[in-house]
Amino acid sequence: MRKLKSVLLVMIAATTVSMASPAADANFRDAMSAVQANDLGKAMHCLELAIADDPENVRYASEYRQVAIRSKDFDRSIDYFSKLVANHPRSANLHLNYGFAYVDKIPAAGSITQVILANNALGEFTKAVEIYPNWIALYTRGASYLFWPKIFNKAPLGVADLEKALALQKRGPTKPYYVRTYIALGDGYCKTEQMERAKEIWKEGLSKFPNDSRLKDRLALHGDQLVTLIENNFDPNKRVDTDLREIWLDARE
Amino acid sequence: MVRRARIGLHLALAVWMGLGFSPAGAENSGTQPKFDDITARAGIKIRHHTRTYSGKNGDVLRMFTSGGAAVAVGDYDNDGYDDLFMTDSEVGKPNHLFHNNGDLTFTDVAEQAGVAGGNDPSSIVSDAIWFDYDNDGLPDLLVARFGTPILYHNEGHGKFRDVTAGSGLTRFGNTIAVIAFDFDNDGYLDLLFGNYFQPVNLLSLKDPHVLPNNLDGATNGGGVTLWRNTGHGSFQDVTKKAGLGKITGWTLDVGHGDFNNNGLQDIYVACDFGTDHVFLNNGDGTFREVTEKATGWDTKKGMNVDVADYNNDGLLDIYVTNIYDDYMKECAMLWQNLGDGTFVDVSSDVGVCDTGWGWAAKFADFDNDGWQDLFVVNGLRSAGSDNYLPVLLPMLTTPGIDFSDVNNWPDIGDRSWSGYQRKRFFHNQGNATFQEIGATVGVNNDRDGRGIAIIDIDNDGRLDIVQTNANQAPILYHNVSGNVGNWVELKLMGTKSNRDGIGARVQLQAGGLTQIRELDGGNGYAGQSMHRVHFGIGASNKIDALRIRWPSGRVEIFDVPINTFTSVQEGSGIVK
């Protein structure tokens, strides 16, 4: 069963290339041409058509949100996914991207709205986990918990998700993006005041990803400097990279 | 958004300007101020009380109106020692007029002076300022309220008379801030009120939809009201005519200054729950909004406006506190004036971003080194060990919730909310940076600060601090710094200009530095500083030049003595 889930993750990613419908693929190519021409409105329109044809396509949804970020049309992206998940309530991919659409808007929002957006995102990530608790859903929700201020005590929930994500990724071949789990889980341990475990997991991560500067930086720092480095990564005013390119590039390879 | 788009270029320019205008060798000499808390010794044995409300929404309304602890400095009896007016807010509780005895002690004379009242069953005292509205040389007193304001005329001999009824200032408003300045340069001080709520009486609430309709961009606040002084003892509401009628934000503070060096007083409006506003004075009795170009729009919780040239480049900068805490990262904004109609926020770069839940902030040169430092008070509510935020979160994240409905907000009870915060003292390093040294200088108390007034209580040229606190006792910090620099302190008296000299621009050259000050009429949340212009000049034992540009436009150049208090009259020079 566990092995099957890992395979499914790869299959989801692989759909970005191999399983797209001809119409969706044509719309996607048009969208990419529009992006090149800086016609972001047209790009969003074409991507909306492509996603509607192929809701499980990680790449289409991800590219759509990146265009929305460039055009600062966050509400359009949120509205679009809102309608799409209503029509496809069992699509983990759509719930995930719907959540990311909220996350994408956070740096552009006021501080109270940021809380509301983060909470909305968390709701969608939870639905994704409930539908299909694969690595990306667990990693995403786990990491998102870590952004919450300490007073809300969500970091332990993040650690729990990230530990599950780590367990999943250990069952299959190593992917380049798996380094994120080691980083985030260590950060989660740090936020839950388990510094020794944080160091251990970063070291373990570095043994598998020896060139990752983020892990090296964390292991090189101590005390307040380390805390500052980590907290800076969870500043809601800084844009979080929600581009899922790594996943489909890996699938294509 | 506009702000973000150009911040890179402007920041580089700002840093360059900050460094470029600071002459080599003119940096901070390394001295640090030191303060003693002399509140009790000085005879100031009072505490503020926030207003309590009856009914099921009483707890929430009290939380939303937990200001009102204000202080205004003025020498009401012209004895050469600045006095203090301090407010209370609970029904029946008196305000206080502390007469400065000249020996570091004060005596509360509010009752005999006739200025203790104001907290009646339908009104809440919220702020106060001294201003000589009739230019008779005696400071008058304006008490702002959630209600109608009270204007006291200074009759002399320590007595005041309530002249509100004949002043035109009879309209109800939920005023939280007031400043006096001469916006039309006619020689009479006008009044700008910052109003938090719309003009509904919270003490007899009929419609529960009185709270902000959006917590990052509210449009249902009280805005501002501009009252023009007719010169005949009355005021006229010219808000709309002046172009200020479209502000619908939750104004928490207002500030004035000549931002573009054209001799006219401009305005900054700080709003809670949404964007601040910048208005330039057209010189014809109207203002034009330039927010988009000047600063860009924001979504922060603007709490305070203070105006000063922090980097001695000849341009007035603006400091606005916001809310910066573990759960909300809204840096304070230090709007560095670039001189081209735009400002850039350099708060993070110069080290004055993190203020906690900020309230008042005031620039002043506490060690007389020629560079203005910055004192900031903070803290919303210090109560029990439980935190209000986990209780608040479910409401905030309820889909479609109406934030404006007071019934939707959970009671705070005995919970704390951004309480027990340490005050910040940002020491100006003279190189476009500040260092926070509140603990070292002795002002890092953890009370729920609201207002700040700068005062020289003993006329020794070392600036002292009054800090008011919500529902708590105030603090009087006496400046006992050793090894401070030399200083110049001026009392300005307008003749053609308003008698207080508010809006006068003073430029001083000494020790290789050129500094400017502009006398303001109450900038800063809940605190009006002394009506004196103070300069620190470091080790310089003389000034090279002192130039005053009066609001009338008259420019005068003086030579004034150092290390003493000097009175200057428009057209007559030094008068004593």
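**Helix packing and contacts in a predicted model**

In chain A, helix H4 (residues 58-71) and H5(A) have axes that come within 8 Å and cross at roughly 150°. Angles over 145 degrees count as roughly antiparallel, and H4(A) and H5(A) are therefore roughly antiparallel to each other.

**H4(A) with H5(A)**

- On the H4(A) side the contact is made by A:Tyr64, A:Arg65 and A:Ala68, and on the H5(A) side by A:Phe74, A:Arg76 and A:Ser77.
- By class, this contact of H4(A) with H5(A) has 3 nonpolar, 1 polar and 2 charged residues.

**H5(A) with H6(A)**

- Helix H5 (residues 74-87) of chain A also packs with H6(A), their axes coming within 9 Å and crossing at roughly 160°.
- H5(A) and H6(A) are therefore roughly antiparallel to each other, and H5(A) passes H6(A) in a left-handed crossing.
- From H5(A), the contact takes A:Phe74, A:Ser77, A:Ile78, A:Phe81, A:Ser82, A:Leu84 and A:Val85.
- From H6(A), the contact takes A:Leu94, A:His95, A:Asn97, A:Tyr98, A:Ala101, A:Tyr102, A:Asp104 and A:Lys105.
- The contact of H5(A) with H6(A) has 9 nonpolar, 4 polar and 2 charged residues.
- A:Phe74 and A:Ser77 of H5(A) take part in the contact with H4(A) and in the contact with H6(A).

**H9(A) with H10(A)**

- Helix H9 (residues 155-169) and helix H10 (residues 179-191) of chain A pack at an angle of about 150°, and their axes are 9 Å apart.
- That angle makes H9(A) roughly antiparallel to H10(A), and H9(A) passes H10(A) in a left-handed crossing.
- In H9(A), the residues that meet H10(A) are A:Ala155, A:Gly158, A:Val159, A:Leu162, A:Glu163, A:Ala165, A:Leu166 and A:Gln169.
- Their counterparts in H10(A) are A:Thr181, A:Ala184, A:Leu185, A:Gly188, A:Tyr189 and A:Lys191.
- The contact of H9(A) with H10(A) divides into 8 nonpolar, 4 polar and 2 charged residues.

**Domains of chain A**

- Chain A is divided into domain 1 (1-133) and domain 2 (134-237), and 24 Å separate the centres of these domains, taken over C-alpha atoms.
- In the contact between them, 20 residues of domain 1 of chain A meet 15 residues of domain 2 of chain A.
- Helix H1 (2-18), helix H6 (92-105) and helix H7 (111-131) of chain A each supply at least two residues of the domain 1 side.
- The largest share of that side, 8 residues, comes from H7(A).
- By class, the domain 1 side has 14 nonpolar, 3 polar and 3 charged residues.

**Contact between chains A and B**

- Chain A contributes 15 residues to the contact and chain B contributes 15 residues.
- The side of chain A that touches chain B has 8 nonpolar, 5 polar and 2 charged residues.

**A sheet in chain B**

- In chain B, 5 strands form an open sheet with mixed pairing, in the order S5-S4-S3-S2-S34.
- Strand S5 (106-108) and strand S34 (527-528) of chain B stand at the edges with a single partner strand each, so one side of each is left without a neighbour in the sheet.
- Strand S2 (residues 71-74) of chain B runs parallel to S34(B), and 2 bridges join these strands.
- B:Ala72 stands opposite B:Gln528 in S34(B).

Definitions and conventions:
Residues are numbered from 1 along each chain as its sequence is written. Chains are lettered from A and ligands numbered from 1 in the order in which they are written. This is a predicted model: local features need pLDDT of at least 70, side-chain atom pairs count only at pLDDT 80 or more; totals for chains, interfaces and linings use all residues. Two residues are in contact if their C-beta atoms, placed from the backbone, lie within 7 Å. Ala, Val, Leu, Ile, Met, Phe, Trp, Tyr, Cys and Pro count as nonpolar, Asp, Glu, Lys and Arg as charged, and the others, Gly among them, as polar. Domain bounds come from an automatic or database domain assignment. Helices (H or I, at least four residues) and strands (E, at least two) are DSSP runs, numbered from the N terminus. Axes are lines fitted to C-alpha atoms, for helices over the stretch in contact, and angles run from 0 to 180 degrees between N-to-C directions. Angles under 35 degrees count as roughly parallel, over 145 as roughly antiparallel, 65 to 115 as roughly perpendicular and the rest as oblique. A crossing is left-handed if the near helix is turned anticlockwise from the far one by less than a right angle, and right-handed if clockwise. Two strands pair if DSSP finds at least two bridges between them.
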